[in-house]
Amino acid sequence: MQQLDAATVWLLDNAATYAGCWPNSRIIRFAIDYAGHARAVVLSEREEATKVELLLALTVPVQRQFFGWPWSRARNVVADHRAFAETIALISGEPSTP
């Protein structure tokens with residue numbers, strides 16, 4: 001968990017640098033939201049297994065949108081943003097919508 005702690009500190013500390021290189025505000029916000037919520041998960045008092053599950057749920061859609069093939073990004077953009085928002089709601093303790 002120490003590596004995750006260090007990685008999420010780096011993500012948050014450097015978000016302005018790496019997020020600012022993308023061309024639109026929606027994708028920039030996606031990167032910044034990811035960094036903040038990943039850090040919140042690591043700092044939370046949840047069980048380690050739950051932290052890992054939440055981090056995976058946050059990371060999969062972000063990874064595909066930033067590093068996936070263009071056709072994969074386009075095909076999954078709506079689903080990825082929905083999954084990301086649902087995970088953020090879960091992390092925040094907000095009720096999910098069906």
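Is Y18 buried or exposed? Y18 is buried, with a relative accessible area of 18%; buried means under 20%, exposed over 50% and partly exposed in between, with a 1.4 Å probe and protein chains only.

## Basis

This is a predicted model, in which local features need pLDDT of at least 70 and side-chain atom pairs count only at pLDDT 80 or more, while totals for chains, interfaces and linings use all residues. Residues are numbered from 1 along each chain as its sequence is written, and side-chain values use heavy atoms, with hydrogens and water left out.

Helices here are DSSP runs (H or I, at least four residues), numbered from the N terminus.

Apart from neighbours within four places in sequence, L58 is in contact (heavy atoms within 4.5 Å) with Y34, H37, A38, V41, F84, T87, I88 and I91.

## Aromatic pairs

There are three aromatic pairs in the structure. Rings of Phe, Tyr and Trp (its six-membered ring) pair if their centres lie within 6.5 Å; planes under 30 degrees apart count as stacked, over 60 as edge-to-face and the rest as tilted. W10 and Y18 are stacked, at 5.9 Å centre to centre with 10° between the planes.

F30 and F66 are also stacked, at 5.9 Å and 20°. This pair links distant parts of the chain, with F30 in helix α3 and F66 in helix α4, 36 residues apart. F30 is buried at 3% relative accessible area, and F66 is buried at 12%. F30, F66 and F84 form one aromatic cluster.

## Salt bridges

The count of salt bridges (a side-chain nitrogen of Lys or Arg within 4 Å of a carboxyl oxygen of Asp or Glu) is four. One of them joins R39 and D5, at 2.4 Å from N to O. R39 lies in helix α3 and D5 in helix α1 (residues 2-13), so the pair ties together parts 34 residues apart in sequence. R39 is buried at 13% relative accessible area, whereas D5 is partly exposed at 30%.

Another salt bridge joins R64 and D80, at 2.6 Å from N to O. R64 is in helix α4 and D80 in helix α5, 16 residues apart. D80 is buried, with a relative accessible area of 2%, while R64 is partly exposed at 28%.

Definitions and conventions. Helices (H or I, at least four residues) and strands (E, at least two) are DSSP runs, numbered from the N terminus.
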